[in-house]
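Please describe the fold and the ligand surroundings of the protein shown here.

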Amino acid sequence: MQRLNNKTCVVTGAARGIGRAIAARFHEESGTVVLTDIDTRAGTAAAAAIGCRFEPLDVAEEADWARLAEVVPAADVVVNNAGITGFEQGPVAHDPEHASLADWRDVHRVNLDGTFLGCRYAIAAMKARGSGSIINISSRSGMVGIPAAAAYASSKAAIRNHSKTVALYCAQQGWTIRCNSIHPAAILTPMWEPMLGTGDDREARMAALVADTPLRRFGLPEEVAAVAAMLASDEAAYLTGTEVTVDGGLLAGSAASPG
Ligand SMILES: NC(=O)c1ccc[n+]([C@@H]2O[C@H](COP(=O)([O-])OP(=O)(O)OC[C@H]3O[C@@H](n4cnc5c(N)ncnc54)[C@H](O)[C@@H]3O)[C@@H](O)[C@H]2O)c1
C-alpha cells in the first residue's frame with residue numbers, strides 16, 4: 001500500500017509503543033515520516049530501525065514546537081500520540097480525593113497541553129496547502145471515568161473534545177484539514193509494564209486486565225497503527241471530528257450490560 005505517498009507525516013512519542021508502530025506503518029505506506037520524542041536516544045534508534053528521520057520534541061514545551069516548525073515547516077499528517085499515565089515512576093495517588101495538584105498538572109501538561117500545541121503546529125504546517133490530517137490519540141479513558149487515574153481520564157476526555165473543536169475550526173476556515181481522535185484500550189506497550197510487573201503473576205494480571213474486553217486479549221500497537229493509516233490517508237476524506245475506538249469491543253458495552 002502506498003496511501004501516504006508524497007505526504008510528510010509527524011508522529012509524537014514515536015520512540016516506542018503505539019507511536020513507533022504508527023511511524024513504521026506510515027513508512028510502509030510510503031510516507032515521509034518524522035519521528036519525534038522526548039527520549040532522544042530511543043527515538044534516534046527507532047528512526048534508524050525504520051529508516052526515517054528523528055527530531056527531539058517535548059510536546060509540552062512551546063519552544064520545542066517552534067523549533068520543529070523551523071525544521072519541518074510543512075506537514076500533511078500530524079499524529080499527537082505522546083502521552084503519560086502519571087504512573088511512569090511507580091504507584092502514585094491519582095484518585096480524585098488524594099491526587100496532588102502537581103501530579104494532576106503534570107499529566108495534563110503532557111497529554112492536553114501537548115496535544116493543543118501539536119494541533120496548533122499542525123494547522124500552521126498544513127494551512128498553506130489547505131489540507132491535511134490531524135490524528136489525536138485519546139483513550140477509552142477519554143470516554144468513561146477512571147477512579148484511580150483522574151488526571152489521565154480528564155486529559156483524554158479533553159483531547160476528544162478539542163479534536164472536534166479543531167475539526168470544526170478548520171472546516172469553518174474552508175480548509176480540508178481533518179481532525180479525528182483514536183480511542184485505544186489495553187494495547188500491549190511498555191506503558192503497561194509498571195502495572196504488569198515481571199513476577200509469576202504476570203499472565204494472571206494480564207488476563208484480569210482484559211477479562212471485561214469482549215475479544216479477551218490485549219490489542220497490538222500495529223492494530224492502532226492500521227486505523228491511524230486509514231485516517232491519515234485520502235480514503236478518510238469525509239471523516240472529520242469523529243472518534244474511532246480500538247478497544248476489542250470494550251466500549252460497546254459488555255462491561256456495563258447484563259451478561
Ligand atoms: N497502551 C495503551 O493501552 C493505551 C490505551 C489508550 C491510550 N493510549 C495512548 O496512546 C499513546 C501512546 O501510548 P503507549 O502505550 O505507546 O505509551 P508508551 O509509554 O509506550 O510510549 C509513550 C512515548 O511517549 C514519549 N513521551 C512521554 N512524554 C513525552 C513528552 N513530554 N514529549 C514527547 N514524548 C513524550 C515516551 O518517551 C514514549 O516514547 C498515549 O497517548 C497513551 O495515552 C495507550
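## Strand pairing

Strand E1 (residues 8-11) and strand E4 (residues 77-80) run parallel and are joined by three bridges. Strands are DSSP runs of E with at least two residues, helices are runs of H or I with at least four, and both are numbered from the N terminus. Two strands pair if DSSP finds at least two bridges between them. Valine 11 has valine 79 in E4 as its bridge partner.

The model is predicted: local features need pLDDT of at least 70 and side-chain atom pairs count only at pLDDT 80 or more, while totals for chains, interfaces and linings use all residues. Residue numbers start from 1 along each chain as its sequence is written.

## The sheet

Seven strands form an open sheet in the order E3-E2-E1-E4-E5-E6-E7, with parallel pairing. Strand E3 (53-56) and strand E7 (243-246) stand at the edges with a single partner strand each, so one side of each has no neighbour in the sheet. On average, neighbouring strands of this sheet are turned by 20 degrees against each other, direction ignored. The axes behind such angles are lines fitted to C-alpha atoms, and angles run from 0 to 180 degrees between N-to-C directions.

In strand E6 (residues 176-184), eight of the nine residues are buried. A residue is buried if 20 or more other C-beta atoms, placed from the backbone, lie within 10 Å of its own; 12 or fewer make it exposed, and values in between partly exposed.

Seven bridges join E6 to strand E5 (residues 131-137), in parallel, and asparagine 136 has serine 181 in E6 as its bridge partner. E5, helix H5 (residues 150-172) and E6 make a right-handed β-α-β unit; right-handed means that, with the strands pointing away from the viewer, the path from the first strand over the helix to the second runs clockwise. E6 also pairs with E7, in the parallel sense over four bridges, where histidine 183 has threonine 245 in E7 as its bridge partner.

## Ligand shell

The ligand is surrounded by 29 residues, the closest being Gly13, Gly17, Gly83, Thr189 and Met191. A residue is near a molecule if its C-beta atom, placed from the backbone, lies within 6 Å of it. Helix H1 (17-28) and helix H4 (101-126) are the elements that give two or more residues to this shell; the largest share, three residues, comes from H1.

## Overall dimensions

The protein has eight helices and seven strands. Its C-alpha trace spans about 50 × 40 × 35 Å along the principal axes.
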